[in-house]
Amino acid sequence: AGWTFFESKDTPPAVDFEGSVACATAAAGAGVPRFVLISSLAVTRPSNVMHMTRNSMMGRIMDWKLLGEQGVCKVYETLSKSSTSEMSITIIRPGLLTDAQPLGPGHLLVDTGDSLSGSMTRADLGALCCEALLHADSKGLVFEVVSGKQGGNYPVCKTYEQVFHSLKNGYIPVTGPNCLQTSGLRGLCGPQDASSSTSCI
């Protein structure tokens, strides 16, 4: 779903909050073990230019996206307690989306803590979402992703499995005790340990 300025039924609260929570509720109620939510880069940075611009021009869409993240977390946290099957979610926060050709996992920069800036292709985001359903290391992750040159502060990863593995040691599970202990529209999650390694195997 997407937000349309001239159609009131497709407003940010209807799509990014109510829609996200409704989808998660239906999936969890049906016993779907894995759920991937697409949110947005800078969703926890109200002073960021991207955040301010999108919020002012698109009906506080960033605020509603963050509330959608929190609502989805709550749904899976609540229903997973009453289910005997394993249930987990992954929240992906991409940068600005483009229609360029896909670059693949070797050109993805990923991090937690909502500090990245940049863009990525829609095709790469779609592939990343599909791969997140297949790899155990993606369970419970909340992370940001853009396209760029790997190396330096970002691990060199040739496969999606390595991308998720590189995040595993530095994340806070979205169903963990710290996920919902936030107030207002402040951030959900960030690096659990700043000293943890992010190198791929």
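How many helices and how many strands are there in the protein chain? In this predicted model, for which local features require a pLDDT of at least 70 and side-chain atom pairs count only at pLDDT 80 or more, while totals for chains, interfaces and linings use all residues, the protein chain holds 5 helices and 6 strands, both being DSSP runs numbered from the N terminus (helices H or I with at least four residues, strands E with at least two). Residues are numbered from 1 along each chain as its sequence is written, and side-chain values use heavy atoms, with hydrogens and water left out. Along the sequence, the elements follow the pattern α-β-α-α-β-β-β-β-α-β-α.

The mean pLDDT, which is the predictor's confidence in each residue on a scale from 0 to 100, is 81 for the protein chain, with 78% of its residues reaching 70 or more. Over residues 171–201 the pLDDT falls below 50, although this stretch has 76 contacts in the model beyond near neighbours in sequence, a contact being heavy atoms within 4.5 Å. Where pLDDT is low, the predicted coordinates should not be read in detail.

Of the 201 residues in the protein chain, 45% are buried, where buried means under 20% relative accessible area, exposed over 50% and partly exposed in between (1.4 Å probe, protein chains only). The protein chain exposes about 9,900 Å², of which carbon and sulfur atoms supply 57%; accessible areas come from the Shrake-Rupley method with a 1.4 Å probe, and for residues only the protein chains shown count as cover. Among contacts between residues at least 6 apart in sequence, 74% join residues at least 24 apart.

Strand 2 (residues 88–94) is largely enclosed by the rest of the structure, because 7 of its 7 residues are buried. Both of its faces are covered, with S88, T90, I92 and P94 buried on one side and I89, I91 and R93 buried on the other. Strand 2 runs parallel to strand 1 (residues 34–38), to which 5 bridges join it, and F35 stands opposite I89 in this arrangement. Strand 2 also runs parallel to strand 6 (residues 142–147), through 4 bridges, and here R93 stands opposite E144; two strands are taken to pair if DSSP finds at least two bridges between them.

D16, in helix 1 (residues 12–29), counts as buried because its relative accessibility is 10%. Leaving aside neighbours within four places in sequence, D16 is in contact with I61, W64, K65 and G68, and its side chain is joined to that of K65 by a polar contact of 2.9 Å, defined as a pair of N or O atoms within 3.5 Å of which, within protein, one must be able to donate a hydrogen and the other to accept it, residues adjacent in sequence counting only if both atoms are side-chain atoms. The C-alpha atoms of D16 and S39, which are 23 residues apart in sequence, lie 8.2 Å apart in space. D137 lies in the loop between helix 4 (122–132) and strand 6 and, at 17% relative accessibility, likewise counts as buried. With residues up to four places away in sequence not counted, D137 touches F164, H165 and K168, and its side chain makes a polar contact of 3.4 Å with the side chain of H165.

The structure holds 0 disulfides, a disulfide being a pair of cysteine sulfur atoms within 2.5 Å. C129 is in no disulfide, and the nearest cysteine sulfur, that of C130, is 6.9 Å away, which is too far for a bond. At 12% relative accessibility, C129 counts as buried.
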